[in-house]
Amino acid sequence: MKIHIIFGLILGILVLFLTAESQEDLTAKQIVDRSFKTTKLAGSEMLSTMTIIDDEGRERVREIASVTKLYDNGETEKRLIRFLSPADVKGTGLLTFDYEKKDDDMWLFMPALRKTRRIVSTERAKNFMGSEFTYADMTPPILDDFTYELLGEEEIEGTPCWKIAMIPVDDDVADENGFSKRITFIAKQDFVIRRAVYYDLDGDLHKELTVEEVKEVDPENHKYRPMHMLMVNKQNGRKSVLNVDEIQFNPDVKDEFFTTRYLERY
Amino acid sequence: MSAFAEKIVRFRWLSIVGFVALAVFFGAQIPRSEIESDMKAMLPEDIESRIKTDKIDELFGGTEMLMVIVKTEDVLSPEALTRTENISKQMKRIKGVDKVLSLFELKNIKGEEGAMIVEPAVRHIPKTEKQKEELRKEIRENDIVYGSVVSEDFTLTAVIALLKADVSDIFIVDEIRRLIEENPGKEEIVIGGLPFTRVQVTKSIRLDLRRLLPLGLFVMLVFLFICFKQLRGVVLPFVVVIMSILFAMGLIPLFGWKIHVISVLVPVMLIAIANDYGIHLIAKYQELNSEGNSFSEKELAMDIFSHLTKPVVLTGLTTVAGMLCLLGHIIIPSRQIGILASCGILFALTASLLFIPAVVSLLPKAKPIIHSRNSRKPVLERMLRLFGRIVTSKPKEIIAFATISALGVSIGILFVVVDTDPNKYYPKDHPIPYAARLINEKLGGAQNISVVFQGDIKDPRIMKKIDNMEHELQEMPEVGNTTSIARVVRQMSRALNDREEEGYDRIPDTRNAVAQYFELYSMSGDPDDFEKMVDFPYEHALLTARLNTASTKKMDHVIDRLKQRTKNDQDVLLVGGFGSILSELAHKVVNGQFLSLGLAIFAVGILLMILFRSVTAGLISAIPLALSIVTLFGLMGIFLIELNVATAMLSSIMIGVGVDYTIHFLWRFRVERQDGLDPEEAAKKTLTTTGRGIVFNALSVIIGFVVLFTSNFMPVRFFGFLVIVSISSCLIGALILIPALCIVLKPKFLEPKQINV
């Protein structure tokens, strides 16, 4: 037992030392890269609530259950989402294979029609589930599509962060991702984004992401997940809140969840 | 009266300074006035169609759009597509543009090998002929774009900017123009849409004011000089007209009003009408100031005042009465014109009676005018003498002929069309109607009429109702493109089901299925794709039909049908849209026309009855007016001139002005009868004396309105034409028909005995 503790402590100090050491030499690009890797879980089970709020404060609430698992050495994330409420869409399922190097595969199952359809959509700037979050927000971008600049350091809610500007290399990338510039505040302690400010294709302030309650879901690999994400569209006044109600790290999620056969088993 | 005339001379400085000060004060207000180019603002805010359309804007956001149309042989050629793509892309970045609809922004939802694919209608610009034809085939099957942003013959494609609510017209039109300049090419580019129309209209109003005013004033100066050949004869009526225009136009900002398209008529009407009173005074002055007279300046001034007060005030009052009857219109600018013109005329009337004698009394006596026998006058005299002969020899034939010809022309009334289409403001080859024609014929239609449904929109019962109504609308020849949430659901059903499956191309039967369709769409489309079709809580849905016509009659047909279909339907909240505003405007034009016409005839009749203390006088003077009205509408039908916001004001103005000639004739005729002439001789004498004054009076009005032919706006030009036609017919009525009537009927109020009582 004691040995374990001592071993753990030494390991911890070592990790801290190593990360502290490496942080000094990190480029803006490396920080962003780490920030995406830091939330990649080998596998997870999750209950969450997506609340979409319009400019008059009217709400649409979706409760969803989801499981994820990494494949191909982390290059592919498979994800199954099942709607729990509201009643009219209960049982609707979405299966996504998120590839690092090619367009994603998506299937949607509609219980009322007992039908599964593949969805093909190439635009990452597309809003996810009708919310203010885009697919680009939910999945890591292609690193070389952007240039990075470390603008300095700033505290967000008491957490020291790097302030980094991410700028698309050309108009096509900007169009695809839906922004001309993104200022990201990445926490030094866990590499999790705490805040992000998006500028639209005209260069005007567009959206602002606020992240709260960062939880270390996989302590062994130092993987984190935010429990509360708020995206505010500054131009049309709409908001979306993604709240993680429960999350369980589980690298051993059954593979059969990620099949269209299972998608339809409802 | 002479005591009052003395006061006018005694307080002449007060009068001169007072009028000039008033004119300067009101003139100083004019620069503060704003121009209103929005058709919507012609109707009061509490009018049904405006309330309903505002409600639609509130529920679904603004529906304003600007269109850039690319016109070429084949819009799928690489050059045309590249240019369209660049315009589309850059348009998105213009501030104030909410959303862009184009071949590159609108979606193609299709089912392919078990997948639902949502992608831009044109994803890549085709490089080979084969790719081009494949794309053409795909677009033909995509009813989101086919016939709406690309014409069925592929000669037109539109890039449409949906605008944010608060963007200014001038800013957005300038930005769009810059965008086109920055993307040159050999294709023809056409801009369309209401904001563009409004910018053009505002510009045209400014140009109109800048051109019509000086031109009208110049024409009037020339006319006055020909009439009087004397500086004071030109300057004094001219100054009165200028002052009355300053007064009337200065009232616009003081009342908190704006200048509308047809408000340009106010100064023109004043130029034509407001000089009448001054002309009478100067004519009398010259008559009294004949060779060898011994009047002093002051005596001349007092005399012209006392001689002319009564007839000038009376003709002025009938004109004002006619103008005020424009208040019978519910259309805001018509009412405003009625009030402004009345105020201007009242001002001109008082200024003519007070200001002109005051100035005359100050000026040294003018040299008497020696009437040189120029060639024009004998012609007029000969003509009037001829009238006299015809009238006295064949009075019954004249009455019969007038009645028959009026009846003949009246057939034209059957063909009079009411139209409030703003595109008809301009000649056919102007960019605005040209763009409207392209949009109407090939891009789904420019006007819209919408139905708002309420309730649980995801309920298949309501969804199917929307779908059915949309189909019914599409069957109508007036309807171009339609959009509704039901149509999107059907599109999804086609992408989700195979052709042979039961659910293909139909609204699903359960609420859950509808909800899940939307959930599916939200995975691949933008959340605001539906913004203009259904509100956030899915409680209201908008079915919009674009009409390929702005003809009021055809639009009415669609609206009536929709209203009838949705009557007592709990699921339908309202029928509205810009088309319904235009339609209501048309109805108000017609109703206002009849109301103001009736009021004008009534008011003028009453005035004449009081003036001659006789009911018959009112009735007799109504006869030439009635014939003029019949002729006016008959000619409108024959010449295919539409009844619109401008031309609808004609009749009440015509009555107010046109009755003057009858008054002048009857007044003199009665005097001559009192002097012992028999009716035939009295008619002849009146025609050759007062007749000349009447002709000059009418000519000054006609010449004043001639300048309207140079207006930028078609309705204003038609207005000018019709004023001339109707004033002429009033003139002929007063010079031929009225004498004939007097001779045949021998009305008691004109008989000498009656008057002596």
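**Reading strands, a sheet and an interface**

User: Which residue stands opposite V70(B) in β5(B)?

Analyst: The residue opposite V70(B) is T157(B). This is a predicted model, in which local features need pLDDT of at least 70 and side-chain atom pairs count only at pLDDT 80 or more, while totals for chains, interfaces and linings use all residues. Residues are numbered from 1 along each chain as its sequence is written, with chains lettered from A and ligands numbered from 1 in the order in which they are written.

User: In which sense do β1(B) and β5(B) pair, and over how many bridges?

Analyst: Strands of a sheet pair through backbone hydrogen bonds, either parallel or antiparallel. Here β1(B) and strand β5 (residues 156–163) of chain B are antiparallel and share seven bridges. Two strands pair if DSSP finds at least two bridges between them; helices (H or I, at least four residues) and strands (E, at least two) are DSSP runs, numbered from the N terminus. Strand β1(B) is also joined by five bridges to strand β6 (residues 188–192) of chain B, again antiparallel. There, M67(B) has G192(B) of β6(B) as its bridge partner.

User: How many residues of β1(B) are buried?

Analyst: A residue is buried if 20 or more other C-beta atoms, placed from the backbone, lie within 10 Å of its own. In strand β1 (residues 65–71) of chain B, six of the seven residues are buried, so the strand is largely enclosed by the rest of the structure.

User: What is the strand order of the open sheet in chain B?

Analyst: The order of this four-stranded sheet is β2-β5-β1-β6, with antiparallel pairing. β2 (97–101) and β6 of chain B are the edge strands, each pairing on one side only. On average, neighbouring strands are turned by 20 degrees against each other, direction ignored. β2(B) runs antiparallel to β5(B), with four bridges between them, and L101(B) has I160(B) of β5(B) as its bridge partner.

User: Which helix packs on this sheet?

Analyst: Helix α4 (residues 78–92) of chain B packs on the sheet and touches β1, β2 and β5 of chain B. Its direction makes about 0 degrees with that of β5(B). Axes are lines fitted to C-alpha atoms, for helices over the stretch in contact, and angles run from 0 to 180 degrees between N-to-C directions.

User: At what angle do the axes of α3(B) and α20(B) cross?

Analyst: The axes of helix α3 (residues 48–60) and helix α20 (residues 578–612) of chain B cross at roughly 170 degrees and come within 9 Å. Residues are in contact if their C-beta atoms lie within 7 Å. From α3(B), the residues making this contact include R50(B) and K52(B), and from α20(B) they include F578(B) and I581(B).

User: How many residues of chain A are in contact with chain B?

Analyst: The contact involves 24 residues of chain A and 28 residues of chain B. On the chain A side, β5 (105–110) and β6 (115–120) each supply at least two residues, and β6(A) gives the most, with five. That side divides into 11 nonpolar, five polar and eight charged residues. Ala, Val, Leu, Ile, Met, Phe, Trp, Tyr, Cys and Pro count as nonpolar, Asp, Glu, Lys and Arg as charged, and the others, Gly among them, as polar.

User: In which sense does β6(A) pair with β4(B)?

Analyst: β6(A) and strand β4 (residues 115–120) of chain B are parallel, with three bridges. In this pairing, I119(A) lies opposite M116(B).

Conventions: Contact = placed C-beta atoms within 7 Å. Buried ≥ 20, exposed ≤ 12 C-beta atoms within 10 Å, placed from the backbone.
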